[in-house]
Amino acid sequence: MLTAPEPRTYVTTSPDETREFGKRIAPRLGPGNVVFLYGDLGSGKTTLVQGICAGLQVGVWPNSPTFTLINQYEGRVPVFHCDFYRLGDPGELATLGLEEVFFGNGIALVEWPELAEEWAPLDTIRVKITRRSAKKREIVLHGLNL
Amino acid sequence: MIVLGIESSCDETAAAVFDTESGLRSNVIASQAEHIPFGGVVPEMASRAHTERIVPVVRQALTDAGVTLDEIRALAVTAGPGLIGSLLVGVSFAKGVAFIRRLPLVPVHHMEAHVFASRIEHPDLAPPFLALVVSGGHTQLIWVPKWGTYRVLGTTRDDAVGEAFDKVAKILGIGYPGGPLIDRLARDGNADWVKFPKAFIKGDPFAFSFSGLKTAVLMAVEKTPENELELRKADLAASFQKAAVGALVQTTLRAARKMRARRVVLGGGVASNSALRREMEAACARIGIEVTRPSPIFCTDNAAMTACAGAFWFERGRRAGYNFNPNPRLPLDAFGNE
C-alpha cells in the first residue's frame, strides 16, 4: 500500500535560500500537482513560489497575486499562482474557474489556501512556512519527499 | 463631442460623462462598502455588486451631466487589466448600449486611464513624461514618449505598494483600506521612530519591492511591548510610510534622470497619499522637474479618466467591435499609438 511520506522539516536563513529551496521542489512537480502554501504575512510564501517557478523554467518573475487572485505563467508546464488572502468565504471560489487550476494539466501553487480546502485533490502537497527570526524560516513539507 | 465612460475593473462601479469641448460633465463612483469586513475586495461579490449598480450609476452620470443617451457620441469602457468577472459587467453593459444605440465602442486600458487622469484637470498635458502609477494592484514606472507608446521601466518584484499599505494597516490593526488610514495616522507619528530599509534590486534599478518592508513592520510590531503598541501605532505608520514613499520617490527620480524627463505624472489610488505628493514635489522641484497629479477623486478608480482617455482615442479612430472581450492581463500597448 502506498503511504504519504512523513512530514519533513527544513530551515532556510535568507530569501535567496528560500528561493533555492523552491528550486529543489520544482523537479518533483508535474502536471496536476497542487501545492498549498500556509504561513502568516511576511513568512515567505511568494518568495518560495519565486524559487519553484524559476525551477519550472517560468520566464517571468512572479509577484504577489493578492490583487489579481490567480496569475498564470508558462513554464515547462502551465503554472497557476493563486492567492486567496482577500476572499471572505469558500463560496467565492466558485467563480474563479478552479476546475482548470486544480484538475487541469498545470501546476497550482496556492497562497492563503485555507478557504480552498474543499477543492484540494487527495494528493495535495502542503507546505507550512514559519518565521523563526528576521531571516530564518522553518519550512515543513507534507506529502512530498525531496 | 460627448463620451460616456464606464469603469468596473475592480472595486468601483463608475460612470462619467466627458465633453471634448467643456471637459468633465459628471463623475459617479459607487464604492463597494461590503468589502470592509474582509479587509479586501471580494471578487464574486464585486461582480454581483457591479451588476446591481451599473444601471443606476450610469443613469446618475447622465442626469448629473444634464444629457441623455441621444447626445452621447461614443462609449468608452475599461477593457483590462482587472478582475475578469468585474470587467465583464462593464464591457457587456457597454456593448449592450452601443449595440442598441448604434454607438461606437472605444476600449481603454485601465493603467493608461490612470495616466490620462491628470489630463482631466490639465488638458494640455502632453508627452514626453515619466508616469508613476501606484495602487492596490499596480506599481509601475512608465516612460511615455507619446500617447499610446508606453515603456514600462520598472514594476514591483513582489507586493504592489497599495497592497503593502493594506497589509501593514492589517498588521497594525487599524482597518481597511489601508492607504488613507495610514496617511491620517502617520500625521501624528514620528517617521524616524523605526528606520525601515528601502529595498533596491540589484541589476534592476527601476524595480520596486515592498514585501521585505511589510515583514520589517511586522517584526517591529512584535518587538513593541503590548502595552505600548497603541501609543506607537502612529510612529510605526509614519516610519513605514516614510520608507515606502522614499522608495517610490528615489526610484522615480533615478528613472527621470536616466530618461532626461522634464515632467513626472502621478496616478492611481496611492497618488492621493499626502506624503507621496509632498515628497515627490519637493524632490522633483530640486532638480527642475515638474509634477502633475490628479485631484484625489481622479486618483482612485473612476470613470472620468476612462471617458477622458476614451474621448482622446475616439477622435484618433480607436474602435472595438461588438465581439471584443475584456482581458484581465491586457498589455499596455494593446491598442496602438498616436
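**Charges over rings**

In this predicted model, the charged end of B:R157 sits over the ring of A:W61, 3.7 Å from its centre. B:K167 places its charged end over the ring of A:Y85, at 4.7 Å from the centre. (A charge sits over a ring if NZ of Lys or CZ of Arg is within 6 Å of the ring centre and within 35 degrees of the ring normal.)

Residues are numbered from 1 along each chain as its sequence is written, and chains are lettered from A in the order in which they are written. Local features need pLDDT of at least 70, side-chain atom pairs count only at pLDDT 80 or more, totals for chains, interfaces and linings use all residues, and side-chain values use heavy atoms, without hydrogens and water.

**Helix pairing in chain B**

Helices α4 (residues 161–172) and α7 (residues 226–259) of chain B pack at an angle of about 165°, with their axes 11 Å apart. α4(B) is therefore roughly antiparallel to α7(B) (angles over 145 degrees count as such). Axes are lines fitted to C-alpha atoms over the stretch in contact, and angles run from 0 to 180 degrees between N-to-C directions. Helices are DSSP runs (H or I, at least four residues), and strands are E runs of at least two.

**Backbone exceptions**

The peptide bond from B:G80 to B:P81 is cis, with omega near -10°; B:P81 lies in the loop between β4 (72–80) and α2 (84–101) of chain B. Another cis peptide bond joins B:Y176 and B:P177, with omega about -5°.

A:L69 is not a glycine, yet has a positive phi of about 75°.

Definitions and conventions
Parallel < 35°, antiparallel > 145°, perpendicular 65-115°, else oblique.
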